[in-house]
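Please look at the sequence and the structure shown here before reading on. The report that follows is meant to be read with both in view.

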Amino acid sequence: MSRSPSFSVKSEFSPKLDPESLQQWVVAFCIIRFDLEQGQLIEECYPPGCLTQDEELEIAFSSFPDSVSQHQNRSSIHDCIFFFRFRRRERLQMDNGSSTEITENDKKLPTNSPDVKPPRSSKSNNISDTSRYMYGYVFNRQRHDERLKRGGEQKSVVILSHSPFSSVFRPLLQIMGPLYFDIGRKALEHIAAYVSMWPCPVPGKLMELPIGNAALKVNLPPAHSLPSESGMLFEESASSMAPFLPNNQSVPQGLFHDSDLFGIFRGLLLQLWVLWELLLIGEPILIIAPTPPQCSEAVAGLVSLVAPLLCSVDFRPYFTIHDPEFAQLNSLHEGDTFPPMILGVTNLFFLKSLRNMPHIVSVGSPAPNTNRLPFSSRSSTGRLSGRPDGFGLQQLSLKRFSPSNLLNAVKLRRDGPLCLMTEHKEAIWSTYAATTKPDTSILNRLIDAGMSPRVEESMSVVNNEILRRHFLELTTNFLAPFGPYFKTRTPSEGSSPFVAPPPLIPYNDDEFLASLSARGPGKFLSKRMRSNWLDLYRRFLQGPNFTPWFQRRRTVAEQEQHRLWKQARINTDIHQLISKMSELEVVDSFNAIERHILGETQLQQSGSDGTDSTDSAATCQKLKGDLQAVFNVLPKDVQQLLLLNPERAALLKGTSEDTKLPGPPPIQVGSPTSPR
């Protein structure tokens with residue numbers, strides 16, 4: 001039996017579905033059946049009418065384990081959970097089906113404020129019109145019964161969402177999947193109604209989401225790790241770009257922080273640093289595993305390795321030959337460049353069709369005969385065995401360099417990935433020479449729990465924390481040299497906050513590399529990288545991850561600087577400031593304050609600044625008072641000249657009526673008679 005949080009449908013309380021609120025989290029719930037005559041069929045889609053026919057077809061094909069990859073399992077019921085990701089083409093006519101074009105589009109980041117949260121009434125429209133990708137979270141049940149055709153049947157319960165919130169949808173599937181097979185369609189309606197009652201998602205925060213008589217306590221990934229394509233703009237903190245580690249390690253720093261990194265890569269721990277570099281520079285990677293849960297877990301684990309970097313590589317946790325992009329990839333010839341993407345597959349046919357993929361990784365192990373639901377990929381963790389108190393570097397390194405293992409490694413390289421056609425092995429095929437050396441102190445701290453599933457699960461949690469913290473520290477230190485380009489400046493003491501803030505330090509690739517070469521990578525990286533470390537930075541700058549991440553961090557820094565200067569204007573004592581100014585500086589201040597008032601008024605009217613309307617009104621009122629105070633100290637002839645502008649005269653008239661200021665009484669600001 002599969003373990004899942006308890007849930008009961010209470011007849012006395014039946015919440016009503018709020019479709020707009022549901023769209024914050026879920027696009028639709030689908031029930032898909034494998035029919036022997038017609039193939040994959042969508043039996044239910046709730047709410048109905050939210051998918052195109054092409055999307056329904058792609059979702060149906062992606063929601064079942066690939067028949068070629070499946071081993072015989074004779075237990076009566078077998079459940080598994082995995083997820084996939086696909087591109088929504090119908091709604092974005094600008095996309096031409098190329099993954100390289102996806103990467104280029106990702107580089108064009110919006111310059112408007114990313115801390116704007118759309119109003120509740122427009123959520124669903126914003127998402128459905130602009131989201132480029134959709135995620136499908138699958139609860140698949142295989143029921144074996146010799147009385148049925150082909151000895152069994154398959155059905156999948158699928159949650160579709162625009163958000164990569166695996167920490168939410170996995171436990172939700174553990175409730176919803178078994179419940180559907182108990183009570184049918186009613187489960188979809190009840191779960192959808194409860195989800196529509198959830199509050200808005202708050203990235204980077206711990207949220208408690210009620211579901212019947214249970215509650216999901218989940219950490220959402222931070223805003224800076226979420227793709228900008230999602231159509232919902234979340235508040236990003238300027239501190240997320242600072243080159244230092246967070247104090248609270250329980251707060252996630254990237255996507256898929258709940259993935260079982262240690263479990264799925266347990267047989268390839270020494271290769272994690274190679275994989276980290278490959279993902280960092282955006283190299284195409286093919287991951288092959290025996291089952292969809294294992295390949296989707298491996299892809300999620302790889303993406304999580306580069307946190308807190310925004311991952312702009314196209315990743316597909318579970319990719320099938322039915323995906324529309326397979327034909328394009330299959331048409332690439334030897335010497336052609338693969339687009340930057342991570343493909344998780346189970347069908348061995350990919351080894352032949354994508355044989356020119358430069359980096360191929362084989363993970364996991366064939367699923368044992370069991371009906372226990374794998375919460376992550378526990379079945380993929382067993383290759384190394386040893387003493388229960390720890391791996392020990394000796395065990396890892398000596399096994400690696402022993403004569404028999406050296407011969408096996410040579411044979412593995414000679415045979416190539418096609419050797420997986422006869423026997424599954426955990427290995428990596430790549431000609432890439434890594435710059436970063438495996439950290440032996442980290443490997444020594446990892447704990448091997450033996451074969452006990454219960455102990456192994458708890459030890460995986462500990463090992464995952466060790467590995468994730470190390471790679472978080474590694475990535476943070478790698479990105480640290482870019483820190484000065486995001487540094488904000490506040491007005492110096494005695495200077496005017498009404499002038500335009502200074503621009504951020506200009507960036508140039510060649511100047512950055514020359515400066516970095518002169519000062520070195522820093523103490524942390526110099527111990528862990530070889531002498532060609534500058535080449536890694538050069539490849540990172542040319543790869544698909546750098547430009548989207550850098551532009552997004554620059555945008556956040558500029559907005560943070562704008563916020564700091566706005567706060568300084570609010571806190572400034574205008575009388576004290578202008579008392580030290582010359583007449584020309586006072587006139588300049590008047591013009592600057594007037595521009596700020598007009599800007600605040602426009603933002604207030606459009607509602608696009610993301611701030612509370614009361615705060616915005618208070619800011620406007622403060623600036624109007626400052627404008628009147630500056631106007632009052634100007635010479636009469638300058639005042640008369642300024643009042644020749646009708647809009648300015650109306651603004652000052654409204655200011656004098658609404659604001660009572662200490663100091664000299666305001667002059668009469670009625671329309672003057674123009675000289676003839």
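## About the model

This is a predicted model, in which local features need pLDDT of at least 70 and side-chain atom pairs count only at pLDDT 80 or more, while totals for chains, interfaces and linings use all residues. Residues are numbered from 1 along each chain as its sequence is written, and side-chain values use heavy atoms, with hydrogens and water left out.

## The protein as a whole

The protein has 24 helices and twelve strands, where helices (H or I, at least four residues) and strands (E, at least two) are DSSP runs numbered from the N terminus. Of the 676 residues in the protein, 54% are buried, a term that means under 20% relative accessible area, with exposed meaning over 50% and partly exposed in between (1.4 Å probe, protein chains only).

The accessible surface of the protein comes to about 31,000 Å², and 52% of this belongs to carbon and sulfur atoms; such areas come from the Shrake-Rupley method with a 1.4 Å probe, and for residues only the protein chains shown count as cover. If one takes the contacts (heavy atoms within 4.5 Å) between residues at least 6 apart in sequence, 78% of them join residues at least 24 apart.

## The antiparallel sheet

Strands of a sheet pair through backbone hydrogen bonds, either parallel or antiparallel. Here five strands form an open sheet in the order β2-β1-β5-β4-β3, with antiparallel pairing; two strands are said to pair if DSSP finds at least two bridges between them. The edge strands, each of which pairs on one side only, are β2 (39-46) and β3 (77-87), and the twist averages 20° from one strand to the next. Helix α2 (residues 53-62) packs on this sheet, where α2 touches β1, β2, β3 and β5, and the direction of α2 makes about 140° with that of β3. Axes are lines fitted to C-alpha atoms, for helices over the stretch in contact, and angles run from 0 to 180 degrees between N-to-C directions.

Strand β1 is mostly covered, since six of its eight residues are buried. Seven bridges join β1 to β2 in an antiparallel arrangement, and these two strands form a hairpin with three residues between them. Six bridges join β1 (residues 28-35) to β5 (residues 152-161), again running antiparallel. Arg33 has a bridge partner in each of these strands, namely Leu41 in β2 and Lys155 in β5.

## The mixed sheet

Another open sheet is formed by five strands in the order β9-β10-β8-β11-β12, and its pairing is mixed. Its edge strands are β9 (314-316) and β12 (427-429), each pairing on one side only, while the twist averages 10° from one strand to the next. Helix α9 (residues 292-305) packs on this sheet, touching β8 (285-288), β9 and β10 (341-345), and the direction of α9 makes about 155° with that of β10.

Three bridges join β11 (residues 360-362) to β12, and the two strands run antiparallel. In β12, Ile428 is the bridge partner of Val361.

## A closer look at Ser167

The side chain of Ser167 reaches the backbone oxygen of Asn219 at 2.9 Å. Leaving aside neighbours within four places in sequence, Ser167 is in contact with Val218, Asn219, Leu220, His257 and Asp258.

Note on methods: A polar contact is a pair of N or O atoms within 3.5 Å; within protein, one must be able to donate a hydrogen and the other to accept it, and residues adjacent in sequence count only if both atoms are side-chain atoms.
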